[in-house]
Amino acid sequence: MSRYKISNLEEYFKEYKKSIKDPKKFWDKIASENFTWYQEWDKVVDFNMAEAEIKWFVDAKVNITKNCIDRHLAKKGDKVAIVFEPNNPDEASQSITYNELHQRVSKMANVLLSQGIKKGDRVCIYLPMIPELAITTLACARIGAIHSVVFAGFSASAVAARINDSECKMVITSDGGYRGNKTIDLKGIVDEALVNCPSVENVLVVQRTQTDVKMKEGRDHWLAPLLEKASDNNTAEIMDAEDPLFILYTSGSTGKPKGMVHTTAGYMVYTAYTFQNVFNYEENDIFWCTADIGWITGHSYILYGPLLNGATTVIFEGVPSYPDFSRFWQIIEKHKVNQFYTAPTAIRALAKESLDYVQKYPLSSLKVIGSVGEPINEEAWHWYNDHVGGKRCPVVDTWWQTETGGILISPIPFITPTKPTYATLPLPGIQAVLMDEKRNEIEDNQVVGSLCIKFPWPGIARTIWGDHQRYKDTYFSTFPGKYFSGDGALRDEVGYYRITGRVDDVIIVSGHNLGTAPIEDAINEHPAVAESAIVGFPHDIKGNALYGFVILKETGEKRDKENLAKEINQHISDHIGPIAKLDKIQFVSGLPKTRSGKIMRRILRKIAEGDYSNFGDTSTLLNPEIVEEIKEGKL
Ligand code: WTA
């Protein structure tokens with residue numbers, strides 16, 4: 001299984017060259033040597049980037065769960081596939097072997113079938129980080145149902161919007177979830193969401209918190225008794241390479257979430273290949289990614305990537321601060337974690353606390369430590385490298401996106417020399433380029449440009465559910481024929497990339513992508529609000545925080561601004577989730593707009609950052625006087 005492993009820098013360059021010169025040959029070899037197929041492909045890749053039409057391993061037949069589970073059984077059925085570490089350290093952790101995983105996924109697959117779920121149906125999974133989240137997700141893949149995992153921090157209306165967009169037939173949730181010292185009423189949130197979700201026929205409920213929940217007759221079923229009755233004999237469905245495997249929603253520039261569609265074979269090959277190389281995975285390593293399975297990082301590097309390589313993957317239910325700030329380090333020690341993969345926001349939050357928390361544990365099992373989700377600042381990089389990695393573990397700063405399926409730019413540990421804040425070099429198969437404002441490819445180094453990829457790779461999303469035009473417009477139109485990431489990047493003199501951040505209306509707060517439009521929509525629904533604009537500003541721990549400029553309606557009555565700000569945040573919590581709350585809300589009488597009515601966010605961003613030095617060209621502003629007013633009222 002490690003036939004695709006790169007072993008030195010020279011080999012990386014060789015592989016990289018090969019992958020660019022003949023991508024078909026490169027991926028053909030990796031795909032045919034490392035996976036179990038029902039039938040191999042007629043053509044490795046078929047694509048038209050201008051039309052956003054991409055197919056990999058055309059006409060091949062495969063099931064990803066056969067590759068994640070069944071094929072490991074003969075040699076490592078008794079090996080631990082999943083280690084479950086509960087929120088509460090006093091509760092026993094669980095180890096699920098590959099044999100047991102096979103049995104539990106097969107049973108779950110049979111439950112789905114018995115509830116009328118068929119290949120191609122969409123199933124919404126809204127669960128805490130418990131083994132059932134992994135098992136139900138894999139069970140969907142086993143029968144060819146398309147999973148749509150929704151992060152269990154989203155509100156009822158956000159869940160409803162996602163269920164309705166892809167017309168899910170079923171929801172799988174739990175009676176509740178534990179996160180730190182909180183218990184979250186997941187079933188209640190689902191009930192509220194389902195008031196407006198006509199496509200949902202059944203709800204399966206996992207018992208986790210033993211909370212008393214309402215069960216709707218005919219619609220809601222406890223999962224445990226169904227599993228008990230189910231057979232553990234299930235034949236995996238034969239899937240076409242391009243059959244959708246899952247939908248995962250991400251924020252965009254309009255209020256409607258984008259359901260990114262990933263298909264089966266390409267995603268499988270790409271997550272397996274990148275997991276192996278980016279984490280230098282070796283047999284018997286214990287891998288821990290702290291993301292939630294509700295995000296792409298969890299899909300690709302808690303579930304699919306590790307299991308495809310027959311690895312042991314840790315699922316942690318809780319948070320880094322509970323019961324205290326040593327929780328991560330205690331878990332690393334307890335399970336002898338070898339690869340640890342987390343987000344800069346968590347690193348910054350932990351770095352603020354006493355060093356005693358981390359120094360209490362030797363962390364000698366660690367070999368590679370990774371970062372993902374947002375740019376990692378130099379201070380956080382060094383703290384991570386010094387205190388967690390003990391200066392012996394390479395830091396892999398991995399750049400990628402929900403849309404890319406897997407990591408695109410990252411050091412390969414022990415091979416690529418690392419450089420703080422640089423994601424370094426593109427992985428084999430990834431033809432990264434920087435584009436200038438005139439839409440030309442930038443050849444020079446030491447310049448910032450828009451980061452694009454000019455050739456497809458197997459893990460790229462294929463479309464936006466139900467809206468291919470939006471997919472094409474968002475990713476393939478700005479730079480025709482190229483995939484545009486929406487990120488800016490700098491390339492240094494040796495060709496290393498440093499990601500500088502989003503160049504569109506997405507703001508990354510604590511590693512979560514937040515589109516400004518859905519938040520503004522939520523604020524504008526407040527009866528007292530006429531209009532609003534959101535921008536990001538730098539924050540020590542979250543990376544960015546949100547600053548909202550809000551215009552109130554002329555209602556005549558004087559409202560208490562402090563209360564109103566609280567109400568607005570509550571509104572955002574109800575519509576999207578607490579992650580999208582604003583740190584600052586400034587009430588203004590107008591917003592800087594161009595003659596065509598577009599808000600000039602650039603100016604608002606500068607004000608929010610407290611940088612009044614250069615607002616750039618403001619000659620197209622319809623109301624330049626407003627800038628002064630906003631500046632004066634800055635919070
Ligand atoms: C940002 C997460 C800098 C980037 C896998 C990207 C990063 C967005 C890095 C995607 C990194 C991710 N350095 N920025 N190493 N990794 N990003 O879809 O702006 O949740 O476009 O996928 O996160 O976030 P998403």
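Let's start at Ser365, which sits in the loop between helix H13 (356-359) and strand S19 (368-372). Keep in mind as you read that this is a predicted model.

- Is Ser365 buried or exposed? With a relative accessible area of 13%, Ser365 is buried, because the cut-off for that class is under 20%.
- The Ser365 side chain comes within 2.7 Å of the backbone oxygen of Val337.
- Once neighbours within four places in sequence are set aside, the contacts of Ser365 are Ile332, Lys336, Val337 and Asn338.

**Backbone angles worth a look**

- As background, most residues other than glycine have a negative phi, and most peptide bonds are trans. The next points describe departures from that pattern.
- Lys336, one of the contacts of Ser365, has a positive phi of about 55 degrees although it is not a glycine.
- Lys336 is placed in the loop between H11 and strand S18 (339-342), and its relative accessibility of 46% makes it partly exposed.
- Phe414 is another non-glycine residue with a positive phi, in this case near 70 degrees.
- Phe414 belongs to the loop between S20 and strand S21 (432-435). Its relative accessibility is 52%, so Phe414 counts as exposed, given that the class begins over 50%.
- Which peptide bond is cis, with omega near -5 degrees? That bond runs from Tyr322 to Pro323.
- Pro323 lies in the loop that links strand S17 (312-316) with helix H11 (327-335).

**The ligand and its shell**

- The ligand has 17 residues around it, and those that come nearest are Asp397, Thr398, Thr402, Asp487 and Arg502.
- For Asp397, a polar side-chain atom lies 2.7 Å from a nitrogen atom of the ligand.
- For Thr402, an N or O atom in the side chain is 2.5 Å from an oxygen atom of the ligand.
- For Pro375, the backbone is involved: one of its N or O atoms lies 3.4 Å from a ligand nitrogen.
- How much of the ligand's accessible area does the protein cover? On its own the ligand has 530 Å² of accessible area, and the protein covers 95% of that.
- Three elements each supply at least two residues of the shell: helix H10 (296-308), strand S20 (395-398) and strand S25 (497-502).
- By residue class, the shell is made up of seven nonpolar, six polar and four charged residues.

**Nonpolar cores**

- In soluble globular proteins, nonpolar side chains tend to be buried together.
- Here the largest nonpolar core has 121 residues, and the residues with the most contacts inside it are Trp27, Trp37, Phe57, Leu101, Leu112 and Tyr304.
- Helix H9 (residues 264-278) gives this core its largest share, nine residues.
- Leu112 touches Ile117, Ala139, Cys140, Ile143, Met170, Ile172 and Leu204, with residues up to four places away in sequence not counted.
- There is also a second, separate core of 38 residues, with Val509, Leu514, Val550 and Leu582 among them.

**Individual helix residues**

- Gly305 is part of helix H10, one of the elements that supply the ligand shell. With 0% relative accessibility, Gly305 is buried.
- Beyond its neighbours within four places in sequence, Gly305 is in contact with Thr271, Ala272, Phe275 and Ser300.
- Gly305 and Gln276 are 29 residues apart along the chain, and their C-alpha atoms are separated by 7.9 Å.
- Ile523 is located in helix H16 (residues 516-524) and is likewise buried, at 0% relative accessibility.
- The contacts of Ile523, apart from neighbours within four places in sequence, are Val529, Ser532, Ile534, Val550, Ile568, Ile572 and Leu582. Val550 and Leu582 are also listed in the second core.
- Between Ile523 and Phe479 there are 33 Å in space, C-alpha to C-alpha, for a separation of 44 residues in sequence.
- His571, in helix H17 (residues 561-575), has a relative accessibility of 18% and counts as buried.
- His571 touches Ala522, Glu525 and His526, when residues up to four places away in sequence are not counted.

Terms used. Residues are numbered from 1 along each chain as its sequence is written. This is a predicted model: local features need pLDDT of at least 70, side-chain atom pairs count only at pLDDT 80 or more; totals for chains, interfaces and linings use all residues. Side-chain values use heavy atoms; hydrogens and water are left out. A residue is near a molecule or strand if one of its heavy atoms lies within 4 Å of it. A polar contact is a pair of N or O atoms within 3.5 Å; within protein, one must be able to donate a hydrogen and the other to accept it, and residues adjacent in sequence count only if both atoms are side-chain atoms. Accessible areas come from the Shrake-Rupley method with a 1.4 Å probe; for residues, only the protein chains shown count as cover. Helices (H or I, at least four residues) and strands (E, at least two) are DSSP runs, numbered from the N terminus. Ala, Val, Leu, Ile, Met, Phe, Trp, Tyr, Cys and Pro count as nonpolar, Asp, Glu, Lys and Arg as charged, and the others, Gly among them, as polar. A nonpolar core is a set of buried Ala, Val, Leu, Ile, Met, Phe, Trp, Tyr and Cys residues joined through side-chain atoms within 4.5 Å. Buried means under 20% relative accessible area, exposed over 50%, partly exposed in between (1.4 Å probe, protein chains only). Contact means heavy atoms within 4.5 Å.
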